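These are my notebook entries on one protein model.

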Amino acid sequence: MTYIPRPMTYVPHVGDRYGERMLHGREAEQARIDRLLADARAGRSGVLVLRGEPGIGKTALLDYAAAQGIPSVRSAGVESEAELPFAGLHLMVRPGMALADTLPERQRAALLGAFGLGAQEPGDRLLIGLAVLSLLAEEAADGPLLCLIDDAHWLDRATAETLLFAARRLDAEGVAMIFATRAGANDFPAPGLPELLVPALRQDAAAALVDADAPDLAPALRYRLLTEAGGNPLALRELPAVLAAESADSGPNPLPLTQRLQVAFHGRVSRLPEATRTLLLIAAAAGAAEIDPVLRAAATLGAGPADLQPAEDDDLVHTDGRTLTFRHPLLRSAIYQGAPLAQRLAAHGALAATLTAPEDADLRAWHLASAATGPDEAIAAALAATADRARARNGYHGAVAAYERAATLSTDLAARVGRLVLAAETAGETGMYELADRLAERAVTQTADPLLAARLDLVRGLAEFGAGKRLPAHRRLVAAADSAPGEPLLAARILMVAIHTAWYLGADELDEVTRRLATLPLPQDDSLAHTTAYVLDGVHGRFHVDLRAAADKARATGADVRDLVQLSGVGLVVGQDEQVAELADELVATCRDEGRIGPLPTLLFFHSEAECFLGRPREALVIATEGARIAQDTGQDHWVGQLSAMLAYLAALAGREADCRAAAEHALAERFGGADAPGASWAHAALGMLDLGLGRVDSAIARLESLTEEPSRHMVIGLRSLPDLVEAAVRLGDPARAGDALDRLEHWAAASRQDWVAALAARARALLGPDAEAEEHFRASLELGGRPFERARTQLLFGEWLRRNRRKVDARSQLQPALEIFERLDAAPWAERARVELGALGVGAAARAGSGMLAALTPQELQIVRLAAQGMTNRDIAAQLFLSPRTVGHHLYKAYPKLGVVSRGELAALPLGGD
C-alpha cells in the first residue's frame with residue numbers, strides 16, 4: 001500500500017481564504033471553534049455542525065479552524081459523487097491509511113473492503129464507522145487531530161453514515177470534527193450532534209467587507225450591493241460586476257440570491273476562451289479533485305493544460321499540479337448547468353473513455369450513464385455490476401441509485417424488472433422505505449410473475465410497517481404469502497415478517513398468520529423449519545419446546561443470526577428467560593465478533609428484558625443503555641423507542657421518577673408513533689410500576705389495566721404485568737378490577753410448568769382469595785422459589801398481611817429479608833415500603849446509600865470495568881463496545897477512584913458480578 005503522509009501544514013482553501021482575508025463579523029463563530037480546538041488539545045473530542053446558506057462563509061470558518069495549528073485532514077462532498085459509496089470517506093482517511101495495519105483485523109478488513117482494496121464479505125456497514133473511529137484515534141495518539149468536512153450535504157450516503165457513527169462515539173481521543181452543510185431540513189441530518197447556524201453578516205461587518213474588497217465602489221452601487229446581498233459574503237464579493245452591468249433604475253432583481261450568484265459566475269466563465277470553457281466543463285462533470293483524468297479527457301476534445309491558465313488568472317480555479325479546485329461549489333454548478341446538453345454529454349463521454357483502469361470501473365459506468373441519450377443494455381449491465389459491487393461493500397444507497405439507473409437504461413424487460421426489484425429490496429434493507437415503496441410500485445406494474453410480485457409486496461409491506469401503517473402492511477404481507485403457493489420458503493419468510501406486524505395488532509391477526517404458517521410444507525434441512533416450529537409453538541402457548549434445542553437445530557441447518565433473533569423474542573413469551581438470556585448473549589457476542597452492528601439493538605432489548613425478569617436490574621440497565629445508544633447511532637427508531645421504554649421501566653423499579661418519566665415520554669414521542677409507538681406498552685408498564693412502587697395506586701391501576709387490552713394483552717409485558725395489576729387492585733380495595741388476571745396466571749403456570757410462574761400465581765391467589773387461605777398461598781409461593789425481586793415482593797406482601805394480623809415476629813421474619821433484597825437490587829420504593837413496615841413493628845432500618853461500590857459507576861463504566869477485569873486490553877474492549885481505545889481508557893481511569901483501586905490489575909479481585 002502506498003503511504004501518503006498526513007498533511008501537517010495549513011493550505012488555505014481557494015475562495016474565502018482565511019490566510020489572505022480577514023473574517024468580518026464572525027467573532028462568535030470563531031470563539032465556538034476555538035473552544036472546540038482547545039478541548040481537542042486537552043484530549044477531549046468534540047463535534048460541530050456548521051449550517052448556513054450557500055456563500056455564507058462556512059468554508060471560510062473551516063479555513064479558520066485549519067489555520068490554528070492543529071494537524072488536519074479534510075474532505076468534501078461532491079454532487080457528482082453522491083452515488084459513489086465511500087468516495088468522501090476515502091479523502092478523509094487516505095492520509096492515515098498507513099495506520100490501518102494497527103486496527104483489529106475485522107475493522108481493517110471492513111475499511112479496506114469499503115475502498116475495494118481487499119476481499120471483504122458483505123457485512124455490517126457500521127463496522128466501517130468503527131474502523132474510522134479507531135483510525136482517527138490512532139492518528140490523534142500523539143496530539144490533537146482536526147477533521148474538516150465541507151459540503152456535507154453532498155457526501156455520499158455511505159460516507160455520511162460512517163462519519164456520523166464515528167462522530168457520535170468520539171469522547172477522549174483529542175479529535176475535533178467540523179462539518180459544514182447547507183441549512184435545509186433535509187441537508188445532512190445529524191440528530192444529536194451540536195450545531196451552529198451561520199447567519200448573515202451584520203450590516204457593519206458587511207460594509208467592512210465591501211470596503212476592504214472594493215474600496216472604490218461608487219456610493220450608490222455600494223448601497224445597492226449592501227441591500228441586495230443580504231449579508232451574504234460571497235454575494236458581497238461577486239455581485240458588484242453584475243450590479244454594474246444592470247440599469248441603475250432597474251429595481252431589485254427578482255431572482256433568488258443563489259441563482260444570481262450562478263449568473264455572476266457564468267458571466268465570468270463566458271468571457272474565457274472556448275478551450276478553457278471546455279476544460280472547466282470536463283472538470284465540473286468529473287467532480288473529483290484529481291486533475292489527471294480531467295486533462296486526459298480534455299485532450300480528446302482539443303483542450304490542454306495551458307488552457308487552464310486563464311481560469312487561474314481570474315481566480316476561478318486553483319491547481320497544485322495534482323488537484324483542481326473550484327473557487328466555490330456554485331461556480332461548478334454554474335459551469336455545468338450553463339453548458340448546452342450536447343457539450344455535457346460529450347464531457348461525460350470523454351471522461352468515460354479515459355477511465356479504463358479496473359479500479360475506475362464504477363466511475364466509468366456512471367459517466368457512461370450520464371452520456372447516454374437513451375436505453376443501452378451494455379451500459380445498463382455495467383451499472384448493474386457497479387450496484388452489485390456497491391452492495392457487497394455495504395454502499396447500499398449507491399447500490400440503489402445504480403440499480404435504478406440501470407433499470408432505466410435497460411432494453412430487456414426481464415432485466416429491467418429484475419434491477420428494479422433489486423433496487424427496491426436494497427432500499428428496504430437500508431431503511432429507505434419511501435423510496436423502496438416507489439421502486440416496488442414501479443416494478444410491479446411491469447411484471448406478471450407472481451413470485452416477483454410477492455417479493456415486491458414484502459418490500460412494500462415492510463415500508464408500510466416502517467411508516468406506522470401496521471394494518472395495511474399486515475394485509476399486504478399475508479396476501480403476498482398467499483400469492484407464492486409454489487414457494488413455501490418464500491411464503492414462510494414473508495409470514496415470519498407478518499408475525500411481527502401482527503404482534504402490534506392483536507391476537508386475532510396473530511392467530512391468522514400462524515395458522516397459515518403452520519400449513520406450509522417446509523423442508524427439514526432448511527433452518528426455517530426449525531425457527532418457525534418454535535415460533536408457532538410459543539405463540540400458541542405450547543411451552544414444552546426447548547429454546548436451546550430449537551436454536552441448535554436451526555444453526556445446524558444454516559440459520560443466520562437474524563434468523564435466530566425472533567426466537568429470543570418468542571422465548572420471552574414462553575417464559576424461558578434464562579435460555580433467552582444465554583442465547584441473546586451468544587448472538588450478541590457473535591455480532592460483536594463479526595462486526596455486525598445492525599441486529600444488536602434487537603438482541604440487546606431481548607437480553608435486557610430477560611435480565612430484568614430474572615431479577616437482575618443492574619445487568620438489564622447496562623445492556624439496555626448500550627442498546628439504546630447503538631439504536632440511536634444506527635437510526636433504528638423502532639428500537640430507540642422500545643429501549644427507551646425499557647430504561648423507563650428499570651428507572652421505575654429503582655424509584656428514579658424523573659428518569660422514568662423522561663424515558664417514557666421519549667418512548668411515546670410522536671417521532672415513534674405517539675400512543676401507537678412500538679414501546680407504548682412498556683412505557684405504560686413503566687409508569688404503572690412507578691406509581692405502584694410509590695403508593696399512587698389510582699394512577700397505577702389505570703396504566704396497568706390498559707395492558708389487558710389488545711394489542712398489549714398478548715405481548716410479553718402484557719403477561720408479565722399481571723401480578724402488578726393484581727396487587728394494585730387489591731391495594732385499591734377493588735379486587736374485581738384485576739379481571740381475569742388470576743385465570744391467565746394459572747393457565748400460564750400450568751402450560752409453562754415453571755416454578756417461578758407458579759409462585760406468581762400462588763401470590764395472586766393469596767391476594768384475591770379468601771383471607772383465611774391467604775397464608776397458605778403465600779407460603780406456597782415462597783416454597784416454589786422464584787426470582788429475587790418477585791420473591792421479595794411476595795415476602796413484603798406476606799409481611800404486611802402478618803403485621804395486620806398482629807403477628808409481629810412472623811412479619812419481621814418476612815420483611816427483613818425482603819428489605820435486604822430490595823436494597824441489593826436498588827429497588828428504592830420497595831425498600832422504603834419494607835422499611836416503613838418494619839418501623840411499624842418497632843424495628844429501625846436505616847436506608848442504604850446504594851448497593852455497594854458498583855452503585856457509583858455509570859452503566860458504561862461498569863461494562864468496561866468488567867471486561868477489563870477479565871484481562872481484556874483497551875483495544876479488545878473498544879472493539880467489543882464500538883468505542884475507541886482512548887475512550888475505554890478514559891472511562892477506566894474515571895472508574896478506578898470510585899472502586900478504590902489504582903490499576904486494572906486490582907479489578908479481578910473485586911466483586912463485579914451480576915445483581
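The entries below go from the sheet to the cores and then to the rings.

**Ground rules.** I am working on a predicted model, where local features need pLDDT of at least 70, side-chain atom pairs count only at pLDDT 80 or more, and totals for chains, interfaces and linings use all residues. Residues are numbered from 1 along each chain as its sequence is written, and side-chain values use heavy atoms, with hydrogens and water left out.

I looked up the strand order and found five strands in an open sheet, 2-3-4-1-5, with parallel pairing. Helices (H or I, at least four residues) and strands (E, at least two) are DSSP runs, numbered from the N terminus; two strands pair if DSSP finds at least two bridges between them. Strand 2 (72-76) and strand 5 (195-197) stand at the edges with a single partner strand each, so one side of each has no neighbour in the sheet. Strand 2 is joined to strand 3 (residues 145-150) by five bridges, and S75 has I149 as its bridge partner.

**Cores.** I took a nonpolar core as a set of buried Ala, Val, Leu, Ile, Met, Phe, Trp, Tyr and Cys residues joined through side-chain atoms within 4.5 Å. Buried means under 20% relative accessible area, exposed over 50%, partly exposed in between (1.4 Å probe, protein chains only). The largest core has 187 residues, and L111, F179 and F822 have the most contacts inside it. Helix 31 (residues 637-654) gives the largest share of this core, 12 residues. Another core, of 49 residues, lies apart from it and includes L201 and I335.

**Rings.** Which kind of pair do the rings of Y649 and W682 form? Rings of Phe, Tyr and Trp (its six-membered ring) pair if their centres lie within 6.5 Å; planes under 30 degrees apart count as stacked, over 60 as edge-to-face and the rest as tilted. The centres of Y649 and W682 are 5.0 Å apart and the planes at 90°, so I noted the pair as edge-to-face. Y649 is in helix 31 and W682 in helix 33 (residues 680-693), 33 residues apart. Y649 is buried at 7% relative accessibility, and W682 at 4%. I found 14 aromatic pairs in the whole structure. F605 and F606 make a tilted one, 5.9 Å centre to centre with 50° between the planes. Ring pairs also link F605, F606 and W639 into a cluster.
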